[in-house]
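Visitor: Please take me slowly through one meeting place in this structure, and tell me how each term is meant.

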Amino acid sequence: MTGEPEYLLEALHVAKVFGTLRANDDVTLKVKPGEIHALLGENGAGKSTLVKMIYGALQPTSGEFRWLGKPVHIPNPAAARKLGIGMVFQHFSLFEALTVAENIALAMPGDFDLAALSERISRVSKDYGLPLEPNAVVADLSVGERQRIEIVRCLLQEPRLLIMDEPTAVLTPQEADQLFRTLARLAREGCAVLYISHRLEEVKRICHNATILRHGKVVANVDPTLETAASLARLMVGGDIHIVKSARKHKIGDVRLRLDHLNLPPDGPFSVGLKDISLEVRAGEIIAIAGVAGNGQSELFDALSGERELARADMLLIDGTPSGKSGINERRDRGAAFVPEERLGHGAVPSFSLSDNVVLTRHSTDETLVKSGVVQKSGATEVSGRVSTSFDVRKAKPDPEARSLSGGNLQKFVIGRELDRKPGILVVNQPTWGVDAGASATIRQAIIDLARDGSAVLVISQDLDEIFEIADRIAVISRGELSEAHPASQMSAEKIGLLMAGAHEVKEARHAHIA
Amino acid sequence: MDMFYAVALTIMTAATPLLLAAVGELVVERSGVLNLGVEGMMIMGAVCGFGAAFYTGSTGIGLIASIAAGVSMSLLFGFLTLTLVSNQVATGLALTLLGLGLSGLIGEGFVGQPGVKLWSVAGIDPLIPGAILLTAAVSYFLFRSKAGLVIRAVGDSHVSAHSLGYNVIAVRYLCVMFGGACAGLAGGYLSLAYTPQWVENMTAGRGWIALALVVFASWLPWRAVVGAYLFGAISILSYTVQTFALGIPSQFLSSLPYLVTIIALVVISGNRAMMRANTPACLGKPFVPDR
Amino acid sequence: MRILLEKRSEASTLMAISSPFIALGLTVILGGLIFALRGFNPLEALYVYFIEPLTTVWSIEQLIVKATPLVLIGAGLSVCYLANVWNIGAEGQLTVGAIAGSAIPILFPAWQSPLTLMAMMLCGVLGGMAYGAIPGYLKNRFNANEILTSLMLVYVAQLFLDWLVRGPWRDPQGFNFPKSITFEGWQLLPTISGAIHLGCLFALIAVIVLAFVMGKTLKGFEIRVAGNAPRAGRFSGFSRTRMVMFCFLLSGGLAGLAGITEIASTVGQLQPQISPGYGFAAIIVAFLGRLNPIGVLFAGLLLALSYIGGEAVQISLGISDKIARVFQGILLFSILACDTLILYRIRFLPRHAAAAQPAE
């Protein structure tokens, strides 16, 4: 063979079967040196399965991989790294209690010399515009900084192929821009990037090539710069794009949920404190709180739900009633409903049946569920059946354990369980996180319908598309502080990005301007 | 002066088994496994060590037997908790119950038999400095070597360690075996050096105190030395006082080490922020690799 | 060969029911092996151990009497463990219950009325509850590990009992033996039939009440949530600290009742040794009974059989009765191993196939 082979990596007719599910079916993917190659697809299309096989974390059921034209077997991630494949996971594989340098050392072969490694980390990270402090403990770092560790960890091994799984999901738009510059530079230096995303605009912007997966199969291989976002979306979803009926024109009523200078100290070394948060959510209105993960969203949810008690009752008013010192069930009795981010283990007990999970959040509000301390199984089964029907919860038997449901079906159940009560106030954290497009559309539509019927809805979300789809007003949370809520029509991704970077800075700037 | 030396010596002999067992368990817990069976491994170490020394006359063989007994017990624990992912708390309890029962059965013929005492120089047997050297080695290993880093990483996030390609289960097996060896040795020390004879239930809760010491030391080896010697001193103190102060019932003095353990736990655990920062994040959590 | 676990999508009901039986089978096999190793005919020894005690009325009565404290304590512990509260100091709570209950006849030896007995039982329960409350409080207030504190308190309670019966509560007419006065009349539980006394009824009632609470009520629901998903428990509005205290009070109270029941029936006076480790054996009872009150009833009877069988092989074959505790340990190990089958399928891979599998 003369010269370099045309392709760095080829996956030829690769299939992966889990039990009865064909996660990947006859997938062929070819990546050239120096290109940024997008891997597009919905949740569950098989993108993660494919890259895990490339990274050696999973083994294909059939098919083969070629590296520089030669067939290779990649038995484990160490072998992949040896070939020159690096991967940045969507869920970081970091160790919170260890330092940046120790985290990186764990992925490095050869001699163990922390001092020399720290020096290299400082140099390389600065060089690529991703500055890192080698002796910092990961637990103290922001999500963006954590991602940098993952990237630098790959860069130090001088990879020839860098796999990135949904890297911008956790970044502010500005941080994402910096990442794109780094990726472009890597590509210029000859490193190929396999870029997994479902964000079409950024794929159009930075990728040279795109392979699109649907239900585990390759449906197209296109040049994204020649496509429109709409045409890419059609390829991804397969024609029938779910459209959520907008409900912008409904009537806005009185204030139903009011946060008044809400403060909450951090409850541990790795937690964020909430600082002076004020917000009013009116009847008929959906307010979305945008923000990068780890900026106080879960703390805010806990404060609203009553899982953490507030210092003063009047920090939180539900339909005018001071509720800051009330427990979660008292708040539910006042008409509030809550849906947490974590479905399994927080919103639902994994090993409990769906009907038992109905009792979980409704035992205090529904008289039909508990009579003089005795749980009424029939009442619970009835509710669970009603929710399953109206939200199209697909399940293998009438009353299965929560953990046996798919993410989308469980989320529909968890949200449906609350909406079935017709709550006056709904607080929901990440309503469609990791949920397929069909379920997402159902859930978003249900939330909009609830608001249209006169409820106040507060949505905490990291998904800007979702926020623009459903919100009437948008506020941004950053380091435990909440920006003012602006009408959605006056907000843009750029403006939200600025607020994400630091709501207080923008606020200060504005004050300075007024002065 | 002689009096002082004698007391210091008894403190050292009382502290050494606690330190040995605690340092072993510390490594186990650093890897994310909670083995509550220290008491059971220790008592098996004690009876097997005594038996081997009794039949061969060699304390060296006795100590090797006690290590082997501890390792075998720990493998049983490892098979259940690591391979079969059983509940670690319950399995640890089971290990203790089994160890106490089995040692009673094995040791029936040894009751009242004269023991063989480990050699010593001026009262100091090799395991007294040995335990401290072991602590130093463990401390260096955990915080200065790559293998130690891997252990801490596995204890901090087994999912991350797994996705970087480390064999979490294998690392944990090795740590559990090390813990078993240390606990077995600690038991052997009891029946070969501390009181060179076999008495049923002779560990008398020392395995549990060692577990408490790990918490007390907030998973740092050197603090375990401080803790072990402190507890050694307290238990010796209670015996010494018994011979002098007739006013205090001996039972109250004997319960002192247990009460002090509780107080120590309360004082250390009360500092929630420190506990959260130091406790291995995966402690006691089962791990099943997905495929 | 390599063992692989494959997670089931749902817990297997079949395995949940059959795993105690598989475990028992394993224990019998291993027990036979131990007998064979010690040079006995394993079948004969197993017959003497497990079957013979069930063939006479007298030994069946003994079985029920021995099972009583095990069931009482085991039922309380099963609730604790289900809620992820690890009380392993039931032996201590039993001891303090026995002490507190015995205080009545020892301090008021002349008081003879049905009220005496009721006061004794009440004091026993309260004593156990109070002693159980200590680790519960330390857990809630200081986050101190309840496993270690409850266990340490066992030693403290036993030493305290030792002091009492050798010191202030020793029977002055007792020839200097470390024993209290012997209880009589209304200081003892009346018998129902043969050796079976009123305490056995307590155990049965405790099982029935707890079975109802666990199966039907919101409290039972709360306990199950607490153990399965603590975060969901908080979301459901249940307080973790109250749950911890509830568990310790319940299990401590039942252990205390078991303690005074033993004293007021089989033991008959306070002495340094009042229990052959019922508080620890009850841990096995709780797990063997699948942390279910009804299951605990049967598991308690089985563990009682292991004690009686141990005595039986000692008497007829000269095997040490210490074998009973070995059997109990093996039984707990087996049940824990078999429980894996409820949530996982086990696949055995030959070595060469395993090598072809990813190292993950």
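Guide: Across the interface of domain 1 of chain A and domain 2 of chain A, in what is a predicted model, the rule finds zero residue pairs in polar contact with both residues at pLDDT 80 or more; a polar contact is a pair of N or O atoms within 3.5 Å, where within protein one must be able to donate a hydrogen and the other to accept it, and where residues adjacent in sequence count only if both atoms are side-chain atoms. The count of salt bridges between these two domains is likewise zero, a salt bridge being a side-chain nitrogen of Lys or Arg within 4 Å of a carboxyl oxygen of Asp or Glu. On the side of domain 1 of chain A that touches domain 2 of chain A, there are six nonpolar, three polar and four charged residues, where Ala, Val, Leu, Ile, Met, Phe, Trp, Tyr, Cys and Pro count as nonpolar, Asp, Glu, Lys and Arg as charged, and the others, Gly among them, as polar.

Along chain A, domain 1 covers 9-237 and domain 2 covers 255-514, with bounds that come from an automatic or database domain assignment. Taken over C-alpha atoms, the centres of the two domains are 32 Å apart, and 13 residues of domain 1 of chain A are in contact (heavy atoms within 4.5 Å) with 14 residues of domain 2 of chain A. Together the two domains bury about 1,100 Å², with 60% of that on carbon and sulfur atoms; this is the accessible area (1.4 Å probe) that two parts lose on being put together, summed over both. Within domain 1 of chain A, the residues that lose the most area to domain 2 of chain A are N43(A), P173(A) and Q174(A), which together make up 33% of what that side buries.

Chain A also has helix 8, residues 229-237, helices (H or I, at least four residues) and strands (E, at least two) being DSSP runs numbered from the N terminus. In helix 8 of chain A, S231(A), L232(A), A233(A), M236(A) and V237(A) are buried, that is, under 20% relative accessible area (1.4 Å probe, protein chains only). Their cover includes strand 3 (36-40), helix 7 (200-206), strand 9 (209-214) and strand 10 (217-222) of chain A. After helix 8 of chain A comes G238(A), with a positive phi near 85°.

Residues are numbered from 1 along each chain as its sequence is written, while chains are lettered from A and ligands numbered from 1 in the order in which they are written. Local features need pLDDT of at least 70, side-chain atom pairs count only at pLDDT 80 or more, and totals for chains, interfaces and linings use all residues, with side-chain values using heavy atoms and leaving out hydrogens and water.

Conventions
Buried means under 20% relative accessible area, exposed over 50%, partly exposed in between (1.4 Å probe, protein chains only).
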